Amino acid sequence: MAEAVKKKRPPIDPNSAKARLGKIAAEAYSSAQEAKERGEMVGWCSSNFPVEIPETLGLAVVYPENQAAGIAARGAGERMCNVSEADGYSNDICAYARISLAYAKIKSAPEQDMPQPDFLLCCNNICNCMIKWYENLAKELDIPMILIDIPFNPDYEVSDAELAYVRDQFRAAIAQLEELTGKKWSEEKYKEVMEISGRTSRAWLKATACAKYTPSPFNGFDLLNHMAVMVTARGKLEAAEAMEKLYEEYEENHEKGESTFRTEEKYRVMFEGIACWPWLRVTATGLKSRGINMVTTIYADAFGFIYEDFDDMCRAYCKVPNAINLEYARDKRVKLAKDNKVEGLLVHTNRSCKLWSGFMPEMSRQIGEACDIPVVSFDGDQADPRNFSEAQYDTRVQGLMEIMETRK
Amino acid sequence: MNVKELLERFHKTATTPREQMDSYLAEGRKIVLTAPVYTPEEIIHSMGMVPMGVWGGDIQLAESKKYFPAFICSIVQSIVELGIAGTYKGASAIVIPSLCDSLKVAGQNWKYAVPSIPFIPMTYPQNRKPGFGHTFTKEGYLRVIKDLEEATGERFDDEKLAASIEVYNAHNAAMRALVIALAAHPEITNAQRSDIFKSAQFMRKEEHTALVNELIEALAAQQPGEAKTRVMTTGILADAPELLAILDENKIQIVCDDIAAESRQYRTDAPAEGASALDRLAAKFCEMDNCSVLYDVEKKRVAKIVEDAKTADAKGVVVLLTKFCDPEEFDYPLIKKACDEAGIPNVLIEIDRQMINYEQARTAIETFMELL
């Protein structure tokens with residue numbers, strides 16, 4: 001194993017992107033809580049629901065997936081899962097869903113509290129599990145659910161039929177929300193939100209693309225933290241500004257030869273799948289201690305939505321990673337791997353995510369061949385700590401490093 | 001044929017689908033495989049081909065493990081396993097809908113695991129009640145038609161579809177009547193009941209309808225056997241011989257079901273009216289409800305299970321939960337709660353296609369019987 005060469009950790013500058021992004025992520029919860037206390041309706045919203053809709057309508061929403069990740073990262077994943085399992089939910093069900101259903105029942109988790117919902121905004125472009133989870137929330141809490149159904153696209157391109165179906169649903173969802181909340185859709189406001197969301201997304205994608213530099217100006221695990229803002233606040237001006245700052249900092253790091261990966265970058269890998277939140281430190285350390293920088297992941301780029309008009313926005317939401325066929329999903333990753341000069345692929349076989357993991361063996365084989373890089377996988381879970389083995393992870397990462405070393 | 005002969009015929013067809021497939025192929029008919037849960041079989045039928053259901057098999061998995069992680073349901077894994085093994089050799093195509101996450105990945109893996117049999121995706125809408133849901137369903141069917149024409153060389157004709165819709169609606173009616181008829185005849189075992197449902201997947205529907213109607217008529221003339229404990233089953237599948245034997249040994253009679261491979265297939269008919277036969281078929285899907293893979297915010301399925309159990313005078317509900325089936329696993333806590341509140345005893349039995357030891361299921365059923 002490479003000897004870790006630690007660089008001195010600088011104090012956090014309150015004007016840094018990191019500090020600003022952390023503040024925005026925290027405010028996503030506090031501002032929703034304040035709205036609730038003012039008597040406004042609050043929604044629970046799935047991570048890839050078109051945020052432009054609640055943002056334009058001025059609705060307060062919070063994100064159960066983000067909350068579940070936070071709860072899991074702070075060590076309470078198992079405790080919350082136990083609550084829903086006691087109610088009869090199988091431990092094979094997505095752990096985010098188990099945590100969320102538990103939270104809806106017990107309404108408290110000091111690790112990450114958030115206001116209870118008055119309505120639900122569901123979009124299944126990431127999985128159909130999302131529909132089942134939100135159906136149960138709607139039933140148990142007796143609140144309305146608005147579903148935008150974005151089907152898994154078996155083709156490479158978004159067809160006119162799919163676009164029309166999704167566009168009609170966007171319009172229907174807006175009308176339903178107007179009726180439910182009394183808020184009104186404004187085209188002017190929408191244009192503003194669209195512009196900000198695009199600005200945030202462009203800055204985010206430019207920042208993540210800085211991994212093209214060798215060494216990378218950042219530790220890829222930083223992206224997993226900053227991503228929370230992309231999920232919860234990409235339509236907000238302060239998010240756009242903070243992401244632009246992040247990009248500037250990464251460019252500056254590159255110019256100065258610095259990086260937030262505070263050891264020598266010996267190897268560069270792409271990470272596949274959702275982060276293993278309960279074991280974030282272990283998974284990060286297992287790489288860093290070997291000088292392996294996880295420079296890129298589709299998971300981070302997935303939250304950068306670039307589009308030019310309403311139809312284009314609908315198309316963008318049809319193209320999120322879990323809604324696309326194997327070939328398109330493969331090609332996006334091959335591009336990332338090549339653009340960022342990746343030497344290996346580390347795949348998280350995520351017990352919680354059937355869709356993400358379900359064709360990963362075949363796709364990762366194809367990526368490995370296309371990029372001529374070794375592929376190694378490990379078993380884990382995005383939020384249930386019981387589905388991860390530190391020893392297996394360590395062995396697999398060591399194996400990956402050894403193959404990469406022989407290919408130097 | 002008498003009841004015994006008819007039941008033997010259903011059993012043979014249910015247990016030897018390959019023979020059935022070979023005989024259709026020998027007749028010069030093309031076979032199109034149809035994966036769970038719903039596919040537009042009427043379209044395939046109308047094009048002169050035979051849709052044959054593929055719901056996997058009770059086999060050990062080997063080759064499919066190269067494509068799927070262990071936590072994908074064994075139904076889709078065994079479909080691909082059988083495909084790789086050549087069990088479906090001679091089929092012209094497979095239609096796989098994307099109604100759950102495991103089915104979505106099954107289609108993607110199929111392309112590489114079984115390249116000799118073309119994959120035809122059927123993308124259904126979940127928001128199927130508004131007009132745009134109907135339009136999208138129809139678009140999905142048009143895409144299936146285009147792919148079928150390319151894969152098989154056969155041609156689609158809306159008038160022929162109208163005739164096939166009549167065949168399928170008649171089959172639906174026969175299967176619904178069958179459930180009622182069987183409920184009055186405890187001497188028909190659960191294994192025999194399963195054979196009738198399973199054979200429907202492997203036969204042309206007009207042939208199956210004729211046999212089912214013949215059975216219903218023959219049963220009407222037969223004295224019902226000794227009463228057993230009446231239950232309702234719910235889940236995706238209920239065809240494992242070992243499991244059915246345990247139910248039979250415990251003198252349990254399935255009097256109605258909410259099984260995806262059984263009654264859920266036959267609840268909804270294509271409506272009589274529509275702009276075209278294809279519109280009528282799209283309307284059939286849009287009208288479907290009470291199923292774990294169809295968006296159901298009111299959880300009408302749960303209420304229907306309670307209602308059906310009461311109507312059929314079932315003394316309990318047996319939940320056959322297919323392992324790793326998200327849609328069913330999410331519904332289970334609500335089903336249990338609703339049954340408990342309605343005072344209907346219920347038992348959970350987890351099943352999959354790789355089960356070898358059924359002793360845990362036996363114990364659960366025996367305990368359940370004591371409770372009843």
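**Cysteines**

I looked for disulfides over all chains and found zero; a disulfide here is a pair of cysteine sulfur atoms within 2.5 Å. A disulfide is a covalent bond between the sulfur atoms of two cysteines. Before going further, I noted that this is a predicted model, in which local features need pLDDT of at least 70 and side-chain atom pairs count only at pLDDT 80 or more, while totals for chains, interfaces and linings use all residues. Residues are numbered from 1 along each chain as its sequence is written, chains are lettered from A and ligands numbered from 1 in the order in which they are written, and side-chain values use heavy atoms, with hydrogens and water left out.

A:Cys353 counts as buried because its relative accessibility is 9%. A:Cys371 is buried too, with a relative accessible area of 16%.

**Strand β1 of chain A**

Next I followed strand β1 (residues 42-45) of chain A. Helices (H or I, at least four residues) and strands (E, at least two) are DSSP runs, numbered from the N terminus. In a regular strand the side chains alternate between the two faces of the sheet. Here A:Val42 and A:Trp44 point one way, A:Gly43 and A:Cys45 the other way, and all are buried.

Which strands pair with β1(A)? I found strand β2 (residues 60-62), parallel over three bridges, and strand β3 (residues 119-123), also parallel over three bridges; two strands pair if DSSP finds at least two bridges between them. On the β2(A) side, A:Val42 stands opposite A:Ala60. On the β3(A) side, A:Trp44 has A:Leu120 as its bridge partner.

Most residues other than glycine have a negative phi, and most peptide bonds are trans. I noted a cis peptide bond from A:Thr214 to A:Pro215, with omega near -5°. A:Pro215 sits in the loop between α8 (187-208) and α9 (220-233) of chain A. In chain B, the bond from B:Pro36 to B:Val37 is cis, with omega near 0°.

For phi, A:Asp372 has a positive value near 55°, and so does B:Lys299, near 55°. Is each of them buried or exposed? A:Asp372 counts as exposed because its relative accessibility is 56%, whereas B:Lys299, at 2%, counts as buried.

**Aromatic rings**

A pair of aromatic rings is described by the distance of the centres and the angle of the planes. I counted 23 aromatic pairs over all chains. One of them is A:Trp185 with A:Tyr190, tilted, at 5.2 Å centre to centre and 35° between the planes. The rule is that rings of Phe, Tyr and Trp (its six-membered ring) pair if their centres lie within 6.5 Å; planes under 30 degrees apart count as stacked, over 60 as edge-to-face and the rest as tilted. Both rings belong to one cluster, which also includes A:Phe170 and A:Phe310.

Last, I saw A:Arg171 over the face of A:Phe310, at 3.8 Å from the ring centre. A charge sits over a ring if NZ of Lys or CZ of Arg is within 6 Å of the ring centre and within 35 degrees of the ring normal.

Note on methods:
Buried < 20%, exposed > 50% of the residue type's maximum accessible area, 1.4 Å probe, protein only.
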